[in-house]
Amino acid sequence: MTAAVDLPPIRPRNGARRQGFLRRLFADYGQECVVLGAIVLLFVVVTFINPRFVNTNNLITIFSGNAYIAVAAIGMAMVIMTGNIDVSVGALIGVLATIAGTLAVSGYPIWFALTAPILVGMAVNTVIGVLVAYGRIPSIVVTLGALSILRGGLIGVTGGTWITDLPPDFLIAQKRLFSIPVPLIFMIVLTVAAFLWMRYSAFGRSIYAIGGNPEAAVATGIPVERRLVSVFAIHGAFAGLAAILFATQLQVIQSTVPPNLELTIITATVIGGVSILGGTGTVIGSTLATILFATIGSALIFINVSAYWLRAVIGLLILATVLADMLRRRGRA
Amino acid sequence: MNWRALIRHETFLALLLVLVLVVLSFQSDRFFTVANLLNQGRLMTEIGLIAIAMTFVIATGGIDLSVGSILGLVAILLGVFWQNVGMPLPMAMAAAIAAGTFAGFLNGFIITRFRVPPLIATLATLALYRGLAEGISQARSVRGYPDWFYVLGQGEVLGVPTQLWILFAAAVIASVILAYTRWGRTVYAIGSNEVASRFSGLPVETTKLALYTASGFAASLAAVIFVSRVSTTRSDMGTGIELDAITAVVLGGTSIFGGRGTIIGTIIGLCLIQALKNGLSLAGVKGDGTIMLIGAVLILAILVSNIFERSGSR
């Protein structure tokens, strides 16, 4: 990759301070460590109460059923890092899943049904990106509008009916590769790839630069408008991938996505350490946060708490994480 | 006031509203009737109350995503206080509204004391309050309220739906506060430049705390009216209402970055959305087509107003 700009590395390499590795890790990836700690703690506690919790099948169900949220959160993390937001992604995933399913049952080749959502997602979000970058409309306004348009379009096209009789080859989320469920592979590979790309490529670094200080980014010679459009387009591609996982995990495709899916995705991103003010965070954090939510959901069932309390517990946990993060940041400042 | 003062977002929006009303009344004879318009007013009161409080919040550069969840929580608490705890209904109403107002206060407390960005703080309490509503209700609904309670949501006073009087009063009071009081100017000042406001000795934290509390109160009031209108309580009430309210506020010309916005703009935005919803459904357009159109109107309105503003300032 040709480096258009030379940004300094996150912090200078300093071999002499090798013993401070843990401290450095915590300073750079504090929020990720907190979330990981919460997951581990949750596992230990719940396993004490009900040993069946750490059953492999259960774990796989937890993780792969929520992988699509983690995949969508990767794109969301990039958008939020530039200091923008997208509240329409839930509706977009619904639309893209419907497109994939409709193509699959209408006799189009499977590969086509599985690539179309990615391309359409990119196209839709390119329009959103252009409106944000060149139309100078705040992203929350554009995506609020897009939310209405996509949601209305989805209901209009499907009329609320479910898509059934999906061809078996289409249901890739139910398959396994080397006995690992496909959604899990998607989640891990995409997270690691996106993390490395954002940390080491010039493009990835410019995402942080734009979010950290847009004016400085312009002064550095980063084509901010073009980058913003690209980031939204990439986010659309991840929404397409998420839609494919969502569409192929069951035998039917419901015409509705889980309510407030966009808020779940945004929350996972933010809890994972991506600052809503832009400029900081990693996609490892957002994936860990998705896993945390999924673990909480399953844990409640295993310790016999009514599922009706699930959201209250998640809400309380989000609040605790946010407050802990704020206190940690203030302590460091 | 000279004619230049009229070149602003609210004027364009009002013209658009008139245009929409004219076009829609040609599409269906049932649209431009007093009965229909009053009924539409009934339907927009809940979003309206929330949107009025939201105008203040957004004008400070903040946002409150938890209002829909507060609405759901208050509705559930109203039912529980009345039926399960056995309070008399007026007391249950007061207690539920107090709880919802406290929920708003808690938002403000988290935002001002811990310096959590409003979007994050209210995203967290959105999950928390809705979760509490679900947990407390265990998916049971409460019905069978006494007849007098329905006056609020289904009755009329002087031939106008009861809740429309409440919305009207709220809009007038809010306009006066925002436009003519020192407190209202403080709201704009915070939205334009929070740091400068703080250095100018303005009560930034107190104002914000009061605004989020007021937002909780507005959502609680909307909840009671909602329950009275639909005669039942469910824990999923008000889901997504925050986005409807924000749409109305932003369409009404309030800048999402703060510092600019009027109550009259919000009300016009609200009327425009409701007129489109109702008029198009009477004209035979399905509900989903209307939702799409509202989304497009939102984006276009802001785009056009941006273009005008840019050409005007140079």
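Of the 333 residues of chain A in this predicted model, 47% are buried, where buried means that 20 or more other C-beta atoms, placed from the backbone, lie within 10 Å of the residue's own. Chain A has 14 helices and two strands, taken as DSSP runs numbered from the N terminus (helices H or I, at least four residues; strands E, at least two). Among its contacts between residues at least 6 apart in sequence, 78% link residues at least 24 apart; a contact requires C-beta atoms, placed from the backbone, within 7 Å.

Turning to chain B, 13 helices and two strands are found. The radius of gyration of chain B is 20 Å, close to the 20 Å given by the globule rule for 314 residues, so chain B is as compact as a globular protein of that length. This radius is taken over C-alpha atoms, and the rule is 2.2 Å times the number of residues to the power 0.38. Of the 314 residues of chain B, 48% count as buried.

The two chains meet through 41 residues from chain A and 39 residues from chain B. On the chain B side, α5 (118–137), α11 (241–251) and α13 (287–313) each supply at least two residues, with the largest share, 13 residues, coming from α5(B). This side divides into 25 nonpolar, nine polar and five charged residues (nonpolar: Ala, Val, Leu, Ile, Met, Phe, Trp, Tyr, Cys and Pro; charged: Asp, Glu, Lys and Arg; polar: the others, Gly among them).

Residues are numbered from 1 along each chain as its sequence is written, with chains lettered from A and ligands numbered from 1 in the order in which they are written. As the model is predicted, local features need pLDDT of at least 70 and side-chain atom pairs count only at pLDDT 80 or more, whereas totals for chains, interfaces and linings use all residues.

Technical notes. A residue is buried if 20 or more other C-beta atoms lie within 10 Å of its own, exposed if 12 or fewer, and partly exposed in between; C-beta atoms are placed from the backbone.
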